[in-house]
Amino acid sequence: IARTYEQEQNWPAAIGKYSDWLNDFPTNALRPQADYALAQADFRAGNETNAFARFTNFVAQFPTNDLAPLAQWWVADHFFGAGDFVDAEKNYQLFFQNFPTNDLVYQARMMAGRAAMGRLGYTDAIRYFTSLTGDTNCPPDLAAKALFAYGSALMQGGATDTNNPSSNFELATNVFSRICQLYPTNELGVLAWGEIGDCALQLAAYDPATNAYAQVIASPFANISARSQAQIGLGIALEKRAAQVEGGDQTALLQLALQNYLDVLYGKNLHDGEMPDSFWVKKAGLQAAGVAETLGEWAQAVAVYQRLEDLLPPLRESLGKKIAAAQGHLPPMKN
């Protein structure tokens, strides 16, 4: 009867029936299944505090039951979703320590690494990720994701060589280059090219950066978010190169950077059926406005700021001031 209520998604009724069953048959062999089902029903009903207590108690009371790994996983996910990365990591660790033969054991190591990243424990995160990349039994798809996460941890974790403050970006570039070689025809390989571009920016290697971003922009495997991010990265690299030259060369580079930003801002980089990524559209607008001002293209700057007013209502007041300032540079209109 309780399961019929589950199928109807009538969670209060299911909770009531499972609770009645547990009260009526406290020593029945099916008690673990009923306990687990009641915890799930509490969760589905929005009673997450009750669900947390029930799943935690389940692991302690029935540690060898077939459902114990799923209960342990729920507890770890609960902490991760709440942003408590320390306890999330501990509980993912408990999973792969206590249930080493479970199908989710490799995924638990991956999630422990992500939790370590969340608490800024990059050294520990790298240990989790490389334990997967070095394990020949790890599912290939997960090993690929772990390799990518390893590169990300290197980028965020700071220099590994005190005599070379950029050593982490150099190591990360090697990792992402390996991904590009291993997965040239899927999304992960495309994203790795974008990370190579970001590393090159940090290393002030602007030509390699533009080349890497161009790989993403031209790839048929890149979605709109990846392409938009790459076009913005390309624009930033072009701005950095422009700062190193003068005169007409500088102007040409800045105009090219501006065009990349405008392509993202106005959706000129969209393929059929795609929707723009609002985060990167806003970022492109902010970058475009600064370059337009630098170039003295005040009409363009006004248009960009007006577009940003629609995209960023909380900044309407400050953007209005920028519009007024930019309009002050325009010649007076003739009657």
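# Close-up views of the predicted model

At 26% relative accessibility, Asp124 counts as partly exposed (buried is under 20% relative accessible area, exposed over 50% and partly exposed in between, with a 1.4 Å probe and protein chains only). The model is predicted, so that local features need pLDDT of at least 70 and side-chain atom pairs pLDDT 80 or more, whereas totals for chains, interfaces and linings use all residues. Residues are numbered from 1 along each chain as its sequence is written, and side-chain values use heavy atoms, without hydrogens and water.

View A. Like Asp124, which has a relative accessibility of 26%, Arg127 is partly exposed, with a relative accessible area of 45%.

**View B. Glu274 and Arg227 pair across distant parts of the chain.** This salt bridge has its closest N and O atoms 2.5 Å apart. Its partners are 47 residues apart: Glu274 lies in the loop between α14 (247-265) and α15 (278-295), and Arg227 lies in helix α13, residues 224-242. Glu274 is partly exposed at 22% relative accessibility, whereas Arg227 is buried at 2%. Elsewhere, salt bridges with shared partners connect Glu89, Arg119, Asp124 and Arg127 in one network.

**View C. Arg54 and Asp42 link helix α4 to helix α3.** A search of the whole structure returns seven salt bridges. In the one shown here, the side chains of Arg54 and Asp42 meet at 2.7 Å, N to O. The pair joins distant parts of the chain, 12 residues apart, with Arg54 in helix α4 (residues 48-61) and Asp42 in helix α3. Side chains of opposite charge can pair when their charged atoms come close.

**View D. The largest nonpolar core contains 57 residues.** The members that touch the most others are Phe55, Phe58, Tyr92, Met110, Phe129, Phe176 and Ile179 (a nonpolar core joins buried Ala, Val, Leu, Ile, Met, Phe, Trp, Tyr and Cys residues through side-chain atoms within 4.5 Å). Helix α9, residues 140-157, gives the largest share of this core, 11 residues. A separate core of 41 residues lies apart from it, with Val216, Ile232, Leu262 and Leu319 among its members. With residues up to four places away in sequence left aside, Ile179 touches Leu147, Phe148, Leu188, Gly189 and Ala192 (contact means heavy atoms within 4.5 Å).

**View E. The largest pocket draws its lining from α1, α2 and α3 among other parts.** The space in this pocket amounts to about 280 Å³ (a pocket is an open set of points on a 1 Å grid over the protein atoms alone where a 1.4 Å probe fits, with protein on both sides within 12 Å along at least five of seven lines, and lining residues have an atom within 4 Å of a point; the volume is that filled by probe spheres set on the points). Helices α1 (2-7), α2 (11-24) and α3 (31-44) each supply at least two lining residues, and α3 supplies the largest share, four residues. The lining includes Ile1, Arg3, Lys17, Trp21, Tyr36 and Leu67. Arg3 lies in helix α1 and is exposed, with a relative accessible area of 59%. Its C-alpha atom is 45 Å from that of Gly151, which is 148 residues away along the chain.

**View F. Gln9 and Ala204 have positive phi angles.** Gln9, which is not a glycine, has a phi of about 60° and is found in the loop between α1 and α2. Gln9 counts as exposed, at 61% relative accessibility. Ala204 has a positive phi near 60°, and this residue is in the loop between α11 (187-202) and α12 (206-218). Ala204 is partly exposed, with a relative accessible area of 44%. Most residues other than glycine have a negative phi.

Definitions and conventions
Salt bridge = Lys/Arg side-chain N within 4 Å of Asp/Glu carboxyl O.
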